[in-house]
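Me: Please take a close look at one part of this model and go through it in a single connected account. State the cut-offs for the terms you use.

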Amino acid sequence: VDEILWRRLVGRVQGAWVLRAGGRYDLLRDARGRGLGVTLHGVYSRASAGPGDRDLGLEVDAGLEYGTEAADGEPGAYLAVRYGVLVPLAGLDGEGEGEGAKPAQALRAIIGARF
């Protein structure tokens with residue numbers, strides 16, 4: 001669903017709804033299936049029940065991906081770099097004293113093979 005809130009902090013989507021919008025644009029694509037593309041997604045998360053403010057966070061995720069298709073008995077490759085920034089909203093602030101939740105960032109690299 002996202003790079004930070006549900007993937008790293010919570011672990012699964014439960015008791016909330018998520019609105020995710022975004023897309024992918026291919027910068028390069030050839031006839032053999034090799035290509036370079038960029039992705040951009042916005043993710044808004046809100047708790048479905050609970051006291052107080054239920055807005056959890058707003059996240060923006062961007063990525064750069066390169067891939068080749070598996071063909072002619074040769075495996076394909078997949079390489080990606082993804083970056084995300086989470087802006088916590090009032091639903092992630094605790095009940096106690098303090099400054100509350102702070103923005104979080106994540107950078108992830110992926111290397112894979114397609115068969």
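Reply: The largest nonpolar core is made up of seven residues: Ile-4, Leu-5, Trp-6, Ala-16, Ala-47, Leu-56 and Leu-86. A nonpolar core is here a set of buried Ala, Val, Leu, Ile, Met, Phe, Trp, Tyr and Cys residues joined through side-chain atoms within 4.5 Å; buried means under 20% relative accessible area, exposed over 50%, and partly exposed in between, with a 1.4 Å probe and protein chains only. The model is predicted, and local features need a pLDDT of at least 70, side-chain atom pairs count only at pLDDT 80 or more, and totals for chains, interfaces and linings use all residues. Residues are numbered from 1 along each chain as its sequence is written, and side-chain values use heavy atoms, with hydrogens and water left out.

Leaving aside neighbours within four places in sequence, Ala-47 is in contact (heavy atoms within 4.5 Å) with Gly-15, Ala-16, Arg-54 and Leu-56.

Two strands pair if DSSP finds at least two bridges between them; helices (H or I, at least four residues) and strands (E, at least two) are DSSP runs, numbered from the N terminus.

The pairings can be taken in order. S1 pairs with strand S2 (residues 35-47) in the antiparallel sense over 13 bridges. Ala-21 has its place in S1, and its C-alpha atom is separated by 5.4 Å from that of Gly-42, 21 residues apart along the chain. Beyond four places in sequence, Ala-21 is in contact with Leu-40, His-41 and Gly-42.

S2 is joined to strand S3 (residues 55-67) by 12 bridges, and the two run antiparallel. In S3, Leu-58 is the bridge partner of Tyr-44. Thr-39 is found in S2 and is buried at a relative accessible area of 14%. With neighbours within four places set aside, Thr-39 is in contact with Gly-23, Arg-24, Asp-61, Ala-62, Gly-63 and Glu-65. One of these, Ala-62, lies in S3 and is partly exposed at 32% relative accessibility. The C-alpha atoms of Ala-62 and Thr-39 are 23 residues apart along the chain and separated by 5.4 Å.

S3 in turn pairs with strand S4 (residues 76-88) in the antiparallel sense over 11 bridges. Leu-64 stands opposite Val-81 in S4.

Charged pairs come next. The structure holds seven salt bridges, a salt bridge being a side-chain nitrogen of Lys or Arg within 4 Å of a carboxyl oxygen of Asp or Glu. Among them, Glu-65 is joined to Arg-82, with the closest N and O atoms 3.2 Å apart. Glu-65 lies in strand S3 and Arg-82 in strand S4, so this pair ties together parts 17 residues apart in sequence. Glu-65 is buried, with a relative accessible area of 10%. Asp-26 forms a salt bridge with Arg-24, the closest N and O atoms being 2.9 Å apart. Asp-26 is partly exposed at 34% relative accessible area, and Arg-24 is partly exposed at 40%. Arg-24, Asp-26, Arg-29, Glu-65 and Arg-82 are linked in a network of salt bridges.

The side chains of Arg-108 and Glu-3 meet at 3.0 Å, N to O. Arg-108 lies in strand S5 and Glu-3 in the segment before helix H1 (5-10), so the pair ties together parts that are 105 residues apart in sequence. Arg-108 counts as buried at 19% relative accessibility, and Glu-3 is buried at 7% relative accessible area.
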